[in-house]
Structures are given as C-alpha cells and as structure tokens.
Amino acid sequence: MKMLEREPSTYESGFTALTKGVNVEVQDWIVGRVSKGNAILEVGCGPGVLAAKLAQKGCLVTAIDSNPAMIEHAKANNAASSANPIDFQQGTAQVLPPHEGGYDNIVTTFLLSELGPLTQQIFLRTAWDVMKPGGMLYIAEEFVPKGMRRVAFAVKRWWYLRKLKRHRAGVTHPLAYFTAYLQPIGFEVVAEQTWNGGAIRALAIRKVGDKSGFYRPPPCKVTGAGAWMRVARCLLTGQIDHVPIEPGLYASGNPTPASPVIVTANYYYTVFCVMRDLRGVDAWVLCVDSRGINVWCAARGPDFGNVQLIEAVNASGLTQVISHSKIILPQLSAGGVSLPKLPSDFKFHVFYGPVWSRDLPEYLREQVVRKPERMRVVHFTMPKRLQAGITHGTFLLRKFLLWPSVLLLCLFLGFQWWGAVCTLGWAWVTVASTSVFIALLFPMTTRFRSFTQKSLVFGVLCAVLNGIALLIVQGFTPTFPGSVALQFWLGYFATMSFSGYTMESSPRAIQGEYPAFMRWNWRVLAIALTLIAVGALWSLIP
Amino acid sequence: MNYVEKRLVPPQNTGGSLLSQPDTQQLLLLNLPVVINPSKCIACGLCAEVCPFGLPEKTIDNKYQIYDVERCTECSACQRNCPTGAITMHEVQGCGCLWDAAQRSKDGQNKCDSNCCQ
C-alpha cells in the first residue's frame, strides 16, 4: 500500500486490484449509510474517489490527506465535476480541521492500519472532539481475523512481510486491538459489515458521552511461564524479532498523581526488566511506541525520538493523570530525543534517568540530581557480553546454518544420515562457541579501535586454537589447512558481525570499513573452501 | 544545505589551540567524530550526563571538552541535547552494525534490513 502511494494516478486502480474490489463495496456501504446534506470529513482521502461519491450524494465534504501529491491529484480530478465542491486540504489524522457546529460524519478507509496504535488513539480522540454529539464515525480497515482464520492470516502475513522487505517498503499493521480503544475514548459500535472472512471490516461507530476518555492497555505480565517464554524469545532472537507490547501508560504498584513517571520503549524485554526492577515502587511507566525495539537501538534509528515521546504523552493523557511535571527518560534515549527541540507547549520537564533499570529504585529513592558514574556510564561487563554472545550465536546459526542443515538432512535422509548429523552438529557447535568465545574475550581487543583489526586478532586466535584442538583430536589430515583457514574466516567474520552487539561501534566507522572488509571476507572464504576441497580430493587418492 | 553546514560555527578567536576553533573543515580534516566549541559551552554538564561513556570532561577553565575522542561512537546524544548548539558532529545514519552497513552499501537506502534492529 505504501508502494501504491508513490504514484497517485494509479493508486485507486492498484488498490482495487489489491483488495480484489472489496474497497469499492466498502465505499458503497459507507455512501449508503450517510444522508444528504451531512457535513462529512474524510480522513486519508487518497485520490478522492470516495469523497466524490459522497459529494454526489449531496454531502458537504472536507477531505484531508497527508500526502501533498495525492491532494494535488485529487483536486485536479474533482475540479468541476460535482455540484458540491469538495474542500481538499493537506492534513494528518492527528490534527483534524474543525467545522462550525461539528461534523455529522467522519469517514476513513484503509488509513488507520498505516498508523501506530498511539496515533490511532489520538485520531479517535480528535475525531470525538470535532464531531456533533451522536455523530457517526465510519471506518473500514484490514483487521486481524478471529478464530482459525488467524493461522492462515499469520502465514500469509509472514510471506507478505518477506516480500515487502525485499522491496524495502513500509508496512501496514492490520488492526488487532482497535475495537478495545473505542469504549474508553467515548464511542460505541452500532453496525458492522465484514468481507474476506473478517480480514476487512467496516464499522459504524457512534459518539457517546459528554467527555472523551483515554484508553489504558491491560497490565503487562512479567511473571509466569508465558513471560519467561517471551524473554527467551527476546534473548534468542536479539532484535531480529521485534517483540512489542501495547504502547501506553502502565502502573507499577499503586501509583498516585504524585508518583514519578518512567518513560521506556515498548520492547517486551525492556518493559520486563523495568517492571521487575520497579517491584515495590509505586510509579507510572509510559511505554512509547518504539515498534518493539529496545531503547538504545530505537534511539539510534528513527523509533524513539521527540515524535514518539510527544505522541505517547498526548495519547495517554499524562497531564490529567499526574499532578507534577517531571518525567524520567532512560539515559540511552538521549541519542534520539532532543530536549532543546521539544516544542514550547510540551508541559513536562524531562530528566535523563539511569542507564540500567536496576538503578531506578535507588535513583527515585535518593532523588538523584547528578548521577554517579555507575548510573550513567555503560560497561560491557561479563554477564552482558555472555548475553550478547548467545544472542549473536543464535543469529549466526539462523543466518548460516538453519536452511543448509534442513536441506542436507533431507538430502541425506536414510543415506549416511548419522554422518551428516555429526558434521552438522559439529558445525553448529563451532559457530555457537566461536560467537560466545569472541563475546567473552572481547575486551582483549580494546586497544584496537577499528573492527577490522579486532576481527584479524580473533580470526588468528580462533584459527590457532582450532588448529591445536584438531591436531590433538585427529592429528594431521589432508583437510587440516582448509579447516584452520575456515575457522580463521569464521572468527574474522563473526567479530565484524558482532559489532552491532557491542557498545563501542560507530556507524561511520563500520560503514567506512565495510567495502575493504567484504573484499577480504570473500577472498578468505574462497581460499578456505578451496583448501578444503583440495584436501578432500587428496584424501580420496588411494 | 546539509546538517553539518547548518551547524557551521564561524571561528570566534583567531588565537588559541586548534580545538578552540571547531568547524566542519577541522572536523573533516582531523577526522574527529565530535568537537565541542568552548566559546559556546555554558558548562551545564548535560553532555557529560547523557554520554554513555562519560567522555565530556570539565576543563580547568570551567568548560566541557572531549579528550578521549577515539572512544566516541557518534550516538549524537550530546549534540542533540546541547542547549546552545556548541557540539558539532558528522551527519551519520545507521546503527553501527555490519548488517546495517551491508544494507546501506547495497541499495543506498537509509533502512536496515531484517538482520538488524531496525
């Protein structure tokens, strides 16, 4: 969908093809439910097809889209075609243009799944504000289906995401929790229509009550088998799998309006650590929507910055929950958050708390003003290195050995099977142990700043140790030189790959070293494989 | 105008050491990752507080300076949060891991792939 958006003129036809015509049925469903003369706001109008249909029915339509090219296209398309001119404006779902007396209806199709959960909540609250009492909101979206269809959906989505990654396009998020936001914010569903077995749903939602409220996510579980399973998933996949929890405001203990506010990312392991370290402390925990990425990585990328902070504060209604104006951010989010650039209407004083969540209780208790060194300086200590080594090891195994292993085991099924299992098992153990070995001995190479030098050191070390071990176990064999060279390559490559898991790599340095590293990487690998092949042939000669 | 040019700081005093005249040229020439302009520094200490390695240190004339500049990983925490814009850095994108660098050199887009955090 993000790809379709790049070309406004073909968006509508492309989208109709993508949804197999369901979007046209959705439009007709909405047009059939509004009555003539209604003041309607369409959010995310695209090229303005639905807006034109509504205007034809005699409604006063205002249509907004965040993409200026789409707005230009929509204006050009709908210039003089309708009796009721449509007011096309550029705008986002978070700031809706107000209307004298309020809108009768707000309409949005296939937009909310492009937005994060917090933005969806802000949209709903803003929509509540600009609508007439009893006004109707019509939304049509891609939903996560219920029941057995969920499995098929998950498989399809996995395939779809793989494809998207190759195209390097943005991702849409089918709505899973959306209906839970409605009641707390001040809406009720009055009608519903589903297509494609519930994957696409249209809802007619009525504004109720005299004040809009805020949605609170259910408490995040940090005890029990389920929690530990998720922790294991986090540790074994690193950040390849994003494991998000719902962003929003959580409570630790029984917080009061005077309790401190801790801001953190919405990666499950991050929240798990914060919540466990805060046991016995009454505090608010505000999880920003960092797309399931930890604080440091998210701050280095675009996922934990001023935008996410402001969004989380607005969506959770923090001003109405607490009586003070102090919020505590993790120190490592400073790489993304910029205090001088926060807008002047941002009401909170931001403090950078300790690096590790385990120091939070002390930080809160002692009311620390200037943090001592252990709260602000990171050290790549032994337990952290071990953890990083394991995570990196599983990453390398998944990257290099998973599919070749499956393939080989299938090929050798029933034919020298045990030999194949042994060889593969040896390969798995070597890769995993090399990774942990590098992680544990990593400080040895502190004197070398560049990762290429570190890689050479570890390559040589791995080759020497492996060579000695091989000589002891099986003596000199024809494949010995090749095995040692391959082990050198493994150490060399794994150290470079480990760079992202350490605390001392700089993007500019790595990007600068990359071309030369890769050239040597291929050469060394080619030499090692040639040596092994020659050795294998040699041993076949009687 | 790119980010570095926007932050270009004209030399304030003609005398003094090289480090007292930080500008983009110097940053590029010396290949330094980060430079603090002492004439703009108000010694608030926020850079020292946000740096994960505690690199900015207080000098005897009550300014902050980075001596161990080799250890800087260019996370930009100090530069983003400096209230007076006294800190100059290269414009860097990426998170400093091999797989990120691989993706960037492959398609030139500023996006990590599935092997990395982003």
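Hi everyone, let's start with a definition: a residue is buried under 20% relative accessible area, exposed over 50%, and partly exposed in between, using a 1.4 Å probe and protein chains only. What we have here is a predicted model, where local features need pLDDT of at least 70, side-chain atom pairs count only at pLDDT 80 or more, and totals for chains, interfaces and linings use all residues. Residues are numbered from 1 along each chain as its sequence is written, chains are lettered from A and ligands numbered from 1 in the order in which they are written, and side-chain values use heavy atoms, without hydrogens and water.

Now, the overall picture. Chain A has 542 residues, and 52% of them count as buried. Its secondary structure comes to 19 helices and 12 strands; these are DSSP runs numbered from the N terminus, with at least four residues for helices (H or I) and at least two for strands (E).

Next, a sheet. In chain A, 5 strands form an open, mixed sheet in the order E8-E10-E9-E11-E12, where pairing takes at least two DSSP bridges between two strands. Which strands stand at the edges? They are E8 (248–252) and E12 (349–352) of chain A, each with a single partner strand, so one side of each is left without a neighbour in the sheet. Further in, E9 (residues 261–264) and E11 (residues 326–329) of chain A pair in the parallel sense over 2 bridges, and Ile262(A) has Ile328(A) as its bridge partner in E11(A).

Finally, look at Val473(A). This residue sits in helix H17 (residues 451–474) of chain A and is exposed, because its relative accessible area is 69%. Thanks, everyone!
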